[in-house]
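Hi there,

Here is the structure I promised to pass on to you.

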Amino acid sequence: MDSKQNEINVVLFGCGRAGQKHLQAIKLQSSLGRLRLLAVVDPKLGRTEISGVPVYKEMEELLAAQGTRLFGQDFASLPSARPIFAYATPAGNHPTELVQAISYGAHVFMEKPVALTVEDAIKLQKLSAEAKQQGLKIVVGHVYRYLPPFPALAEDLHRGLYGAPILAEVKIHWGHDASYYAPAWRGKILSDGGAVLNQGIHGLDLANWLLGGGMATLEAGLNANLKHDIEAEDYAAGTYRVRSQAIMNFSSTTITDPRQHSAEIFLLYEGLQMKLRFAKGKLPYLTIRDSSASSRLLPYLKRSYEKYLTGIGAKWPAYLKNWHNFPYADLWAAIVEDRDCLASLDIGIEAVLNCLQLAKPSSQNS
């Protein structure tokens with residue numbers, strides 16, 4: 001399946017902080033015969049090429065130069081002939097960009113969050129249905145879902161192997177300094193989001209998914225500005241009742257030391273307990289134990305390896321170093337196999353709607 005026959009063209013929109021991760025992931029996937037970076041679109045880049053491919057300032061310039069290659073003769077009949085539009089752009093642009101990509105008949109990799117308001121999230125639900133009707137695949141950058149061992153673990157949790165879910169606790173310390181918020185769009189409710197939608201959404205989405213997924217209900221919560229002079233919140237904490245009736249306690253902040261990013265998730269089922277901690281510059285700490293206190297970590301790592309890492313050979317360290325490789329590989333496989341992505345647009349919309357219950361509201365969310 002990893003043949004040049006299924007190599008798919010990619011156009012990357014945005015080449016800033018997040019865009020660099022996309023560039024690295026596309027390059028690795030290209031070495032596996034899956035993707036081909038055709039162009040970059042970024043009005044602020046100030047150069048005419050990057051990584052050996054042309055840079056354009058806007059969509060019209062791209063279409064004038066590369067339209068024939070993007071939308072060739074097999075465009076309508078062959079899914080892999082349709083390009084992937086990958087967006088590493090400010091969050092406030094994401095709803096419009098999704099509409100744009102689908103209107104061109106492109107598959108999409110969209111960074112999280114897919115929207116910043118309830119109104120836009122609801123509009124995207126209709127767009128998701130339209131994309132499915134056209135055979136278009138969309139993946140959202142919820143990278144935590146792809147990390148070994150979570151896909152395999154979620155399968156067993158959801159089929160009831162460990163009984164009912166009881167509790168999840170999520171703590172995100174993802175500090176930023178004033179330089180991070182220097183760009184005018186940073187920290188704004190309608191262009192960037194705050195500690196919940198921007199930094200906390202990964203942890204909230206993972207915990208909710210492992211508890212069974214679906215829409216959760218915020219039972220109690222607060223958001224505040226404790227340090228940063230920004231419009232959105234820099235701290236939030238809340239208690240959710242998830243669809244499975246389990247409890248999820250969640251907190252996220254950007255006021256901590258930016259040199260010491262960390263994310264902690266505790267998960268409790270009737271027959272299983274999991275503890276996870278990511279910390280900047282350190283190896284992840286993860287334990288999974290069943291009701292007899294036996295470790296279940298290695299079997300789930302093995303299953304996840306077989307699903308995501310088979311066939312990549314010596315490239316696996318680079319694969320794991322950049323987590324964007326996982327959704328890119330999933331999007332490629334979803335196109336070739338005609339299936340949904342693990343982190344689909346529907347999942348991205350669900351995560352946004354769960355987060356917006358706790359995030360500082362804009363007038364559009366009130």
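Below is what turned up, going from the sheet to the helices and then to some details of the backbone and the cysteines. Please keep in mind that this is a predicted model.

Strand 1 (residues 8–13) and strand 5 (residues 84–87) are a parallel pair, joined by four bridges. If you want a spot to look at there, F13 stands opposite Y87 in strand 5.

Next come two helix pairs. How do helix 4 and helix 10 run relative to each other? The axes of helix 4 (residues 118–133) and helix 10 (residues 345–356) cross at roughly 170° and come within 9 Å. An angle over 145 degrees counts as roughly antiparallel, so that is how helix 4 and helix 10 are described. On the helix 4 side, the contact is made by V118, A121, L124, Q125, S128 and K132. Helix 10 contributes L345, D346, I349, V352, L353 and L356. By class, the residues of this contact are eight nonpolar, two polar and two charged.

The other pair is helix 5 (residues 150–158) with helix 6 (residues 195–210), whose axes also come within 9 Å but cross at roughly 40°. Here F150, P151, A154, L157 and H158 of helix 5 meet L206, W209 and L210 of helix 6. This contact has seven nonpolar residues, one polar residue and no charged ones.

Now for the backbone. In general, most peptide bonds are trans, and most residues other than glycine have a negative phi.

- The peptide bond from K112 to P113 is cis, with omega near -10°. P113 sits in the loop between strand 6 and helix 4.
- The peptide bond from P148 to P149 is also cis, with omega near 15°. P149 belongs to the loop between strand 7 and helix 5.
- A293 is not a glycine, yet its phi is positive, at about 70°. You will find A293 in the loop between strand 14 (285–290) and helix 7 (297–308). It counts as partly exposed because its relative accessibility is 49%.
- D338 has a positive phi too, near 55°. D338 lies in the loop between helix 9 (325–337) and helix 10. With a relative accessibility of 57%, D338 counts as exposed.

Finally, the cysteines. How many disulfides does the count give? The count comes to zero. Are C15 and C355 buried or exposed? C15 has a relative accessibility of 6%, so it counts as buried. C355 is buried as well, with a relative accessible area of 0%.

Definitions and conventions. Residues numbered from 1 in each chain as written. Predicted model: local features only at pLDDT ≥ 70, side-chain atom pairs only at ≥ 80, totals over all residues. Heavy atoms only, no water. Axes fitted to C-alpha atoms, helices over the stretch in contact; angles between N-to-C directions. Parallel < 35°, antiparallel > 145°, perpendicular 65-115°, else oblique. Contact = heavy atoms within 4.5 Å. Nonpolar A, V, L, I, M, F, W, Y, C, P; charged D, E, K, R; others polar. Disulfide = S-S within 2.5 Å. Buried < 20%, exposed > 50% of the residue type's maximum accessible area, 1.4 Å probe, protein only. Pairing = 2+ DSSP bridges.
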